[in-house]
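This report covers a pair of packed helices and the nonpolar cores of a predicted model.

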Amino acid sequence: MSNSYTPEEPIAAIATALAPSALAIIRISGKNCIELLSKVFSRPKALNQAEGNSIVYGWIVDSENPQGKQKIDEVLVSVFRAPKSYTGEEMAEISCHGGISPVTAIFNLLLKNGFRTALPGEFTFRAFVNGKTDLTKSEAVKEIIDSKTDTSRSLAAGRLSGNLYNEIQSIKEKIISTIASIEVELEYPEDEENFSDSFDSTLLEQAKDSLTELSKSWQSQKLYQDGARIILCGKTNAGKSSLFNALLKEERAIVSDIEGTTRDWIESWVSFDGIPARLFDTAGLRITDDVIEQRGVEMTKDLTQDADIILYLVDSTKSEAQEDIDFINSFKNRIPVIKVLNKIDILENEKSKDDTLELPVVKISAKTGFGISDLIKEVKNTLVKSTKSERTQAGLGSERQKQAVDEALDSVNHALEVSCADFTMDAVVQDLEDALSFLSEITGETTPDDILGNIFANFCVGK
């Protein structure tokens with residue numbers, strides 16, 4: 001826990017973007033925060049007597065203004081009483097007119113009247129401390145905020161609703177039941193040797209299988225969180241910029257029949273059937289005397305080295321050049337390459353070309369949109385193929401969770417090995433207690449303070 005977090009101290013934060021908008025929200029939380037707010041509210045009695053989950057209309061008023069009592073803005077105050085609030089404390093949300101001036105005026109007035117500025121993630125931290133949420137749900141809050149596609153949001157929403165927490169609890173119950181059965185038998189030490197031979201590892205094997213699946217889920221979940229890096233490359237006039245625009249569904253890149261139009265790379269986020277990806281449109285690969293275009297070609301080659309997938313465009317109206325083959329071969333067994341045969345719409349007779357490189361090939365027309373859906377499907381399949389699991393329920397949401405699950409799995413595996421070896425059952429119990437400790441770190445029951453501080457410090461202010 002960060003030493004700067006002070007539970008119950010009245011805090012305030014601007015929860016919406018500080019920019020012109022229809023509405024804005026300022027959140028407050030902490031002991032006696034509603035009473036403090038009433039001092040700058042036009043209807044203090046109504047606010048102080050308001051029940052939880054109710055809304056009070058009024059004005060924010062600066063009574064200490066040197067020029068006399070001044071109305072700041074007309075607002076609605078949503079009142080939440082402890083413990084039935086997001087933070088578990090007394091809490092309110094001020095809905096005012098959007099815009100920099102009214103929002104900052106109200107916020108500064110709160111700071112003058114007993115509130116301090118909330119730290120990043122402090123509202124969610126208080127919810128965690130007050131038992132309103134566990135650590136898996138807290139981390140899922142930030143995942144939802146950072147999600148780039150509907151699928152990544154949906155996966156995070158599953159963790160927020162408790163599916164990962166419930167899975168962890170189910171595994172813990174199996175381990176606890178195993179420990180209980182061992183400890184009952186250990187009450188009779190004269191039978192310990194016989195018990196070692198008849199030890200029932202059924203629940204422990206089930207826990208092992210569940211932990212193994214959870215561990216595998218992280219690679220797939222990470223793909224939906226962080227996204228992939230996809231590079232469009234190929235010779236000049238292959239149609240890279242046209243495909244870039246088609247995938248984005250907007251005119252972002254300049255399209256021209258003039259070779260060398262794209263000299264620098266541009267990028268944008270795009271969804272490949274739910275998988276977020278940074279898509280790069282790059283300069284065409286060719287030998288040129290133009291110094292600037294040469295630099296663009298070099299940058300293209302640099303970008304491809306860190307790609308998750310390379311979409312190599314080929315003009316299907318022209319013969320495949322040796323340079324195309326050599327370039328694609330340079331990534332063999334290193335980076336997945338999908339060959340994209342573009343301009344298929346202007347072929348009089350669509351012909352299948354020999355795929356001597358044994359690559360996936362997709363025929364498209366970036367101009368008409370033909371084959372784009374097939375390309376999206378092929379990209380997704382290629383990305384998912386590289387993960388070890390397509391599990392969508394109760395998947396892990398962070399590297400921290402993955403590490404704890406792996407350590408718990410190691411402890412369970414060791415317990416199973418020990419139970420079959422010439423060791424006392426006390427050794428098995430110790431391994432299982434270690435596994436429980438690692439699983440408790442995931443939900444936050446035994447998570448060290450420095451880890452908590454790092455988790456919540458990455459949240460935005462006001463959440």
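## Packing of helices 14 and 15

Helix 14 makes a left-handed crossing where it passes helix 15. By class, 13 nonpolar, four polar and five charged residues make up the contact of helix 14 with helix 15.

The axes of helix 14 (residues 399-420) and helix 15 (residues 425-443) cross at roughly 170° and come within 8 Å. Angles over 145 degrees count as roughly antiparallel, and helix 14 and helix 15 are therefore roughly antiparallel to each other. On the helix 14 side, the residues in contact include Arg400, Ala404, Ala408, Val412, Ala415 and Val418. Their counterparts in helix 15 include Ala427, Asp431, Leu432, Ala435, Phe438 and Ile442.

## The largest nonpolar core

The largest nonpolar core contains 30 residues. Those with the most contacts inside this core are Ile230, Leu243, Phe272, Leu279, Leu311, Leu375 and Val379. Both helices and strands give two or more residues to this core, among them helix 9 (202-226), strand 7 (228-234), helix 10 (240-248), strand 8 (266-272) and strand 10 (309-315). Helix 13 provides the largest share of this core, six residues.

Leaving out residues up to four places away in sequence, Ile230 touches Phe272, Ala277, Arg278, Leu279, Phe280, Ile309, Leu311, Val379 and Leu383.

## A separate core

Another core, of 29 residues, lies apart from the largest one. Ile168, Leu396, Val418 and Leu432 are among its residues. Val418 in helix 14 and Leu432 in helix 15 also belong to the contact between these helices.

Technical notes: Residues numbered from 1 in each chain as written. Predicted model: local features only at pLDDT ≥ 70, side-chain atom pairs only at ≥ 80, totals over all residues. Heavy atoms only, no water. Axes fitted to C-alpha atoms, helices over the stretch in contact; angles between N-to-C directions. Helix = DSSP H or I, 4+ residues; strand = E, 2+ residues; numbered from the N terminus. Parallel < 35°, antiparallel > 145°, perpendicular 65-115°, else oblique. Left-handed = near helix turned anticlockwise from the far one by under 90°. Contact = heavy atoms within 4.5 Å. Nonpolar A, V, L, I, M, F, W, Y, C, P; charged D, E, K, R; others polar. Core = buried A, V, L, I, M, F, W, Y, C linked by side-chain atoms within 4.5 Å. Buried < 20%, exposed > 50% of the residue type's maximum accessible area, 1.4 Å probe, protein only.
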